[in-house]
Amino acid sequence: MKSFIKILLVLFGLVLFGGFAAAGAGVYVFWHFGKGLPDYAQLAHYEPPVMTRVHAGDGRLLAEYATEKRVFVPIRAMPLRIIHAVLAAEDKHFYTHPGIDLIGLTRAVLTNIKNYGSGRRPVGASTITQQVAKNFLLTNEVSYKRKIKEAILAFRIERAFTKDRILELYLNEVYLGSGSYGIAAAALNYFNKSLNELTIAESAYLAALLKAPSNYHPVRKKVAALERRDWVIGRMAEDGYITTTEARMAQADDLVVENRADAEFVTANYFAEEVRRDLYDRYGEQMLYAGGLSVHATLDPQLQGIAERTLREGLIDYDRRHGWRGPIAHFDTTEPLSYAQQLDALTPPKGLGTWRLAVVTALDEQSATILVQSLPEDQSRPEGASAPAAPLQATIPMREMKWARKWLKGEYLDAVVHKPADVLAIGDVVGVELVLSYVQAKSKGKDEQTIEYPAETYGLRQIPEIQGSIVALDPHSGRVLAMSGGYDYNASEFNRATQAKRQPGSAFKPFVYLAALDSGFTPSTLILDAPFVIDQGPGLPKWRPANYTNKFYGPSTMRLGIEKSRNLMTVRLAQSVGMEKISEYAARFGIIKDLPEQLSMALGAGETTLLDLTAAYAMLVNGGKQIRPTFIDRIQDRNGHTVYRHDKRPCVQCEAVAWTGQEVPNVPDQREQLTDPTSAYQIVSMLEGVVQRGTGTRVKAVGKPLGGKTGTTNDSRDAWFIGFSPDLTVGVFTGFDEPRSLGPREQGASVASPIFRDFMKEALEGHPPVPFRIPPGIHLVRVNAVTGLPAHSGDRDVILEAFKPGTVPTSNSLVLEGDGDSEEGDGAMPAAGTGGLY
């Protein structure tokens, strides 16, 4: 008996010793491997990378910026079905274990011992918490050391965070294949559904992917994917999440994936790039590509479409007026490859857009026979036209080549085209566009009529060399509603609306006249239109500005000076007002920050961007209120909190969720007043005269109240038109990227104003004509348009002129003659050149 007790005591001692030894070993392991582990507390503030999305004004998607296309969904918003599927597949005891599942671990150890030497992959027993520790804090190294560290971190994470937070991190971070980061992105990419739309079978499949996405591809490894999915469904039934009947029905479902539906994008590449730059400057690269910002842009998709189309058409029209520069390429007829093979191997040049490449295979007196390159699948044809799968034979009729007179240096044209051979040669590769009909002009006894072309008739096309830009904005808020910075973004990402600094020419003149109106002048003030010479100093030539017509018109009203864009009158006015004041106005309206105080600057010799100049015109039509152009209305962070708002006006009453009879909110106007509202209206009225009687008469065809100003620089290098309706301001710039003359007869009136006209005609279609708003204090008086004096009975050219109180002229008005025979006062010396011309 004593021996038995002694044996028991020895055994107890050994067990106790072993227990202490094991505990000590465990403490040592935790101490040794727990040193230097990553700080798990960082998970408390962890936010997975989420894409930034930019939406246009109508809510459609404009752009996405992301390093990982992830959709973050809080755990409270996840349906129980997907959570149950994940728990059944990955961690049955997740809500009860302390970070390590001892039962599962024991089962895995026994299984691995049993399979030892069989060549089978060891079975793991990682809990969801351990996977969070591995994915967020450790590497994917396969070793017992990493597993120990993983377990230690799992214990620590469980003590620091709730189970829901751990599961939320896991389900939003895990990679599920096909570019899907997070369970919500996987639901969209595999089934084109949100989480709450998933069936039991679909939820189980996504949970099955957690083990190894590449092993269960729904197409390439469909059998394995179905087996794993059905296993998950069975586990869900075993754990009581679904009934046996539901499980059988789910397992009977086929595994059918559906590609994610393409979001309806708005295409506005130049605009989207400006938004991206703005976001980058505000928040940096990390926030832009991973911060999950929701950006509400100012873009109006309808106006954007009009802007891009009218700009392209206007540039093409100019280009066709100046002739044919030759084929894109030429195929050697001795080449062993056929024309079709050579054509298919040719990469279309950037800027070709929806046009296509074709090679000339034969010529006759009336047409060119061509072989047209096969159409890419993602490129559309005109409605009613089918797309060929291979190169096809077609024709270019003579009618579609008559414009293609040979281009000559200086933007001149060679001889008239009489036959196709005057333009093309066999083997020439050219751009073409399918044409369905042409308009036959009126003839004797016949009205204008549309004639249909035979099938597969194409027109000869040429990618323009000229570039341009267009901006449309709300004059009351500065919101940019549309913008295109060039002919084709794919050919050139340089934005000529915001990045190109060019001379505005006569488009700057309204601000010279505005400074004069604020200085006491009136639209009827007479200014001498006569030769003007300035001595620039010893050794320098005299400066002799001239009118575009090289004629002089004697005393003329200030209104006439701006309507006809008279340079000599503008210079005399600037000399009288003082260049210091004009320079200050240029800075005040955001046109040019430090305009040199030289008389030539009054003719637009300084440099500015189209966006800045258009915004300045907007401040004229809105009554002289300061605005700042913006591409963004509002920015929200990933949690929906507004972090930026362009409209900063306070309005507590605006937060009402419904109208219950309360008064309309009174929102304060916090815009700074930059000029006298009456002066601003006088300029608007004078610019309306530019459209009615001056250099912008092409715009009259719109048939709505419009004002604006042409601008042309020396040698016609740049052509502008900036104009407005009462509620829309639009600017157009045209010119070559490497400045050169647009041609001897080209001006802002012929190149830029037709683009403005076509844009406004379509943008304002269906809108009632709205007159320009007249501020208090303005008196409208009937005056003689030539003399500026109050009209008398029998006067022919009578207009309504806007005057401030007490400024209506009399017959004794003086003529501003200026002092052009001596050096300028105040040390303001003219620069070389005349700046603006027309």
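This is a predicted model: local features need pLDDT of at least 70, side-chain atom pairs count only at pLDDT 80 or more; totals for chains, interfaces and linings use all residues.
**Surface**

**Helices H2 and H8**

- Helix H2, which spans residues 80-90, and helix H8, which spans residues 200-209, have axes that come within 8 Å and cross at roughly 45°.
- Because of that angle, H2 is oblique to H8, and the crossing of H2 and H8 is right-handed.
- On the H2 side the contact is made by Arg 81, Ile 82, Ala 85, Val 86, Ala 89 and Glu 90, while H8 contributes Ile 200, Ser 203, Ala 204, Leu 206 and Ala 207.

**Helices H14 and H19**

- Helix H14, formed by residues 509-518, packs with helix H19, formed by residues 677-693, at an angle of about 135°, and their axes are 9 Å apart.
- H14 and H19 are therefore oblique to each other, and H14 passes H19 in a crossing that is right-handed.
- H14 makes this contact through Pro 510, Tyr 513, Leu 514, Leu 517 and Asp 518, and H19 through Ser 679, Ala 680, Gln 682, Ile 683, Met 686 and Leu 687.
- In the contact of H14 with H19, the residues divide into eight nonpolar, two polar and one charged.

- Thr 729 lies in strand S22, which covers residues 728-735.
- The relative accessibility of Thr 729 is 0%, so this residue counts as buried, the cut-off for that class being under 20%.
- When neighbours within four places in sequence are left aside, Thr 729 is in contact with Val 471, Ala 472, Leu 473, Pro 475, Thr 614, Tyr 617, Ala 618, Val 621, Gly 723 and Phe 724.
- One of these residues, Val 621, is 108 residues apart from Thr 729 in sequence, whereas the two are 8.3 Å apart in space, taken from C-alpha to C-alpha.

Note on methods:
Residues are numbered from 1 along each chain as its sequence is written. Side-chain values use heavy atoms; hydrogens and water are left out. Axes are lines fitted to C-alpha atoms, for helices over the stretch in contact, and angles run from 0 to 180 degrees between N-to-C directions. Helices (H or I, at least four residues) and strands (E, at least two) are DSSP runs, numbered from the N terminus. Angles under 35 degrees count as roughly parallel, over 145 as roughly antiparallel, 65 to 115 as roughly perpendicular and the rest as oblique. A crossing is left-handed if the near helix is turned anticlockwise from the far one by less than a right angle, and right-handed if clockwise. Contact means heavy atoms within 4.5 Å. Ala, Val, Leu, Ile, Met, Phe, Trp, Tyr, Cys and Pro count as nonpolar, Asp, Glu, Lys and Arg as charged, and the others, Gly among them, as polar. Buried means under 20% relative accessible area, exposed over 50%, partly exposed in between (1.4 Å probe, protein chains only).
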